[in-house]
Amino acid sequence: MLEIKNLHATIAGKEILKGLNLTVNEGEVHAIMGPNGAGKSTLSNVLTGHPAYTVTAGEVFFRGKNLLTMSPEERAREGMFLSFQYPVEIPGVSMVNFMRTAVNEKRKHEGKPALSATDFLKLMREKKALVGMDNHLTKRSVNEGFSGGEKKRNEIFQMAMLEPCLSILDETDSGLDIDALRIVAEGVNALKTPHTASIVITHYQRLLDYIVPDFVHVLADGKIVRTGGKELALELEDKGYAFLNEQP
Amino acid sequence: MLNEIILHPGEHREIILLNEPDTNWHIIQEARSTLLLHVIALPHPNDEAQWHTSITVEHKATGCKTEMYGLALLHSQQQHHLTTRVLHNVGGGYSSQLFKFVLDDESKASFKGELKILPDAQQVEAYQTNRNILLSRQAEMTTEPQLEIYADDVKASHGATTGQLDDSALFYMQQRCISRETARKLLLYAFFEDVLRTLPNEQMQEDIVEKINEYIG
């Protein structure tokens with residue numbers, strides 16, 4: 001589904017990704033762990049097409065297409081979803097209007113007709129129930145005045161609405177207490193199908209107790225330096241990232 | 001052209017200035033009269049159009065209420081210069097002003113807001129807000145709030161900001177399948193929303209939204 005080859009990327013002239021390789025297939029969950037400043041968030045920004053980053057070398061294919069020539073909205077319509085580390089507040093834009101626009105833009109891309117108001121509201125109700133999203137939140141402006149946990153829940157709700165094939169969860173656990181973490185993880189697990197894949201970016205192991213990865217990658221200094229199964233996360237938790245430097 | 005108006009005691013007046021070139025209004029409010037005034041400049045086929053609007057409102061007696069709102073969306077080399085003067089001569093009055101400008105291309109605008117509360121005008125509430133968004137590097141906005149408050153028992157505030165559309169919000173919406181153009185449109189509606197909802201009738205709200213839509217779309 002996603003193939004990243006020798007990816008190099010810079011921000012403001014500084015190289016952050018230095019030859020990253022990663023392949024993600026349907027049905028897989030990949031965790032990306034690593035110390036602060038390793039390039040974890042840069043990876044999610046580059047994949048989704050954030051304009052502040054420049055790709056200087058390498059290739060990325062998403063569902064067989066060249067990802068790097070697509071606009072951010074084209075990548076999203078093709079089925080790439082980012083759960084933001086810091087979801088943005090958009091005062092004055094209602095959740096309903098935002099979500100209806102998003103869903104219908106995706107449907108248009110897929111050659112489907114726009115949803116009627118009734119069908120759209122029905123879809124909202126169904127997905128709210130799936131991820132345990134409070135009714136009062138969808139009556140407000142996008143993320144405006146939401147708590148940290150509510151913002152993360154809203155990300156998962158939007159994911160449920162858009163049904164992406166590849167979800168990137170960028171530090172979804174940051175700022176969440178253990179109950180909120182579990183609820184968010186349950187939402188992610190409920191949305192998993194044999195045809196979807198996830199990349200879970202996290203600094204800590206605890207999220208991986210709830211979203212169990214098939215592969216764990218360690219990102220350090222802009223490259224993947226180690227790949228293993230879920231037990232690698234426990235080893236990192238135990239020994240910290242320093243041990244990476246000690247081994248060949 | 002000078003328009004002089006006296007609002008008689010208890011009278012309510014609504015005035016809408018829509019793309020009106022060069023007007024000068026002097027409105028005197030008598031006891032308990034209320035004024036709702038809108039100044040609106042929408043995209044216009046004349047790329048070099050200029051609107052100079054000057055409005056003076058004077059509270060001559062107690063219990064007057066003044067609400068003034070404005071929105072402008074300018075492009076090309078258009079200019080819109082708005083001056084307001086609100087004079088609270090007597091106590092117990094209320095005034096609020098909210099003006100929002102969006103400037104594209106090489107358009108220019110200014111807002112000069114004079115708010116004066118005289119020594120005998122106690123228990124006055126007076127608010128003034130000016131918010132602006134520049135859509136291009138060549139656009140220019142000048143804001144000059146001027147508050148002169150001589151009474152001590154009053155509530156008064158003013159605020160002015162000029163900035164750009166929020167890039168992080170645009171990217172967030174693009175990541176949710178929404179095109180950059182549509183995202184800009186949603187943010188501009190959101191920006192104008194608190195002015196639009198003060199318009200006295202829905203038809204006018206819809207017409208204005210339509211005009212904005214035509215321009216951005």
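**The interface of chain A and chain B**

Modeller: Let's start with a salt bridge, in which the side chains of B:R176 and A:E155 meet at 2.7 Å, N to O; the term covers a side-chain nitrogen of Lys or Arg within 4 Å of a carboxyl oxygen of Asp or Glu. Across the interface of chain A and chain B, the rule finds 1 salt bridge. This is a predicted model, where local features need pLDDT of at least 70, side-chain atom pairs count only at pLDDT 80 or more, and totals for chains, interfaces and linings use all residues. Side-chain values use heavy atoms, with hydrogens and water left out, residues are numbered from 1 along each chain as its sequence is written, and chains are lettered from A and ligands numbered from 1 in the order in which they are written.

Between chain A and chain B, 13 residue pairs are in polar contact, both at pLDDT 80 or more (N or O atoms within 3.5 Å; within protein, one must be able to donate a hydrogen and the other to accept it, and residues adjacent in sequence count only if both atoms are side-chain atoms). On the side of chain A that touches chain B, α3(A) gives the most, with 6 residues (helices are DSSP runs of H or I, at least four residues, numbered from the N terminus).

As for the area buried between the chains, it is about 1900 Å², with carbon and sulfur atoms giving 69%; this is the accessible area (1.4 Å probe) that two parts lose on being put together, summed over both. In chain A, the residues that lose the most area to chain B are A:E73, A:F84 and A:V88, together 25% of what that side buries.

Terms used:
Helices (H or I, at least four residues) and strands (E, at least two) are DSSP runs, numbered from the N terminus.
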